[in-house]
Amino acid sequence: MFDPNLKIIFATLASIFAIAAYFPYLKEMLGGRTKPHMYTWLIWTITTGTAAAGLWYGGGGYGALGLTVSTFLTFLIFLLSFTYGTKNVTQGDVAILLLALSAIIIWWLLNSPLLAVLMVTAIDAIGYLPSFRKSFNEPWSEPILSWILFTLAPIFGLLALSGYTLLTTTYLLMCIVANILMITLCFLRRPLVQKPQP
């Protein structure tokens, strides 16, 4: 049996970390020091939104709150990436976007939220690749603090879940692992790549 008050606290922390993660990211982006990859943030908007819907549908309860907040903020970064982001779009990026859109169609046509969430989890993991590629070459272009907060939000989202099933946990676990990889990549590459001058 879970303590509903504790779940509310965890959900609140997940939402706070999700919101807080975007402040340094927005500051760095508006200052021209961070350049979000347009397709990555569009893919993340679609996949995060689908995963959030899956959490609500699957009985994730308060655990879906942080992911819902993240969906709106991710969409904001996508919109701003038209002005402040990088636009080096590859054919692979286009293919990943089409796959992300197909997951939504599958949910509607097959009425299978689990299949849709499994698809967007895999697609979202692949969606990290353009940002991994960019961060390998430009490890100073990503604010580490944001990625740490991006990692804490799904951790507390996971703790806030009302029920633990494949539908409610898969996406959050993938986000935690992928964000830790992003942080690790930046830390490993920064000593090898000169920091750009402001």
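This is a predicted model: local features need pLDDT of at least 70, side-chain atom pairs count only at pLDDT 80 or more; totals for chains, interfaces and linings use all residues.

Started with the surface. The accessible surface of the protein chain comes to about 9500 Å², and carbon and sulfur atoms hold 75% of that area.

Next, burial over the whole chain. I get 51% of the 198 residues as buried.

Then the fold. How many helices and strands does the protein chain have? I count seven helices and zero strands. Read from the N terminus, the order of elements is α-α-α-α-α-α-α. The radius of gyration is 16 Å, close to the 16 Å from the globule rule for 198 residues, so the protein chain is as compact as a globular protein of that length. I also boxed the C-alpha atoms along the principal axes, and they fill roughly 55 × 35 × 25 Å.

Contacts came after that. Taking contacts with a separation of 6 or more, I find that 81% join residues 24 or more positions apart.

Charges next. The protein chain carries 10 positive and 6 negative charges, and their mean positions sit 8 Å apart. I then looked for salt bridges and found one in the structure. Which side chains form it? Glu142 and Lys134 do, with 2.6 Å from N to O. I checked the cover on this pair too: Glu142 is buried, and Lys134 is buried as well.

Ala11 is in helix 1. Is Ala11 buried or exposed? Its relative accessibility is 2%, so I log Ala11 as buried, the cut-off being under 20%. Setting aside neighbours within four places in sequence, I see Ala11 in contact with Tyr62, Leu65 and Ala160. I also took a distance to Ala122, which is 111 residues away along the chain; the C-alpha atoms of Ala11 and Ala122 are separated by 24 Å.

Leu26 is in helix 1, which covers residues 4-30. Why does Leu26 count as buried? Because its relative accessibility is 17%, and buried means under 20%. Not counting residues up to four places away in sequence, Leu26 touches Leu76, Ile77 and Leu80. For Leu76 I noted the spacing as well: 50 residues from Leu26 in sequence, and 9.7 Å from C-alpha to C-alpha.

On to helix 6, residues 144-160, where I find Thr151. Thr151 has a relative accessible area of 7% and is buried. Which residues does Thr151 contact, leaving aside those within four places in sequence? My list reads Ile176, Asn179, Ile180 and Ile183.

Last one is Gly163. I place Gly163 in the loop between helix 6 and helix 7, the latter being residues 166-189. With a relative accessible area of 22%, Gly163 is partly exposed. Beyond residues up to four places away in sequence, Gly163 touches Gly59 and Thr168. I checked Gly63 too: Gly163 and Gly63 are 100 residues apart in sequence, and their C-alpha atoms are 8.9 Å apart in space.

How values were computed. Residues are numbered from 1 along each chain as its sequence is written. Side-chain values use heavy atoms; hydrogens and water are left out. A salt bridge is a side-chain nitrogen of Lys or Arg within 4 Å of a carboxyl oxygen of Asp or Glu. Buried means under 20% relative accessible area, exposed over 50%, partly exposed in between (1.4 Å probe, protein chains only). Helices (H or I, at least four residues) and strands (E, at least two) are DSSP runs, numbered from the N terminus. The radius of gyration is taken over C-alpha atoms; the globule rule is 2.2 Å times the number of residues to the power 0.38. Contact means heavy atoms within 4.5 Å. Accessible areas come from the Shrake-Rupley method with a 1.4 Å probe; for residues, only the protein chains shown count as cover. Lys and Arg count as positive and Asp and Glu as negative; His and the chain ends are not counted. The place of a charge is taken as NZ of Lys, CZ of Arg, CG of Asp or CD of Glu.
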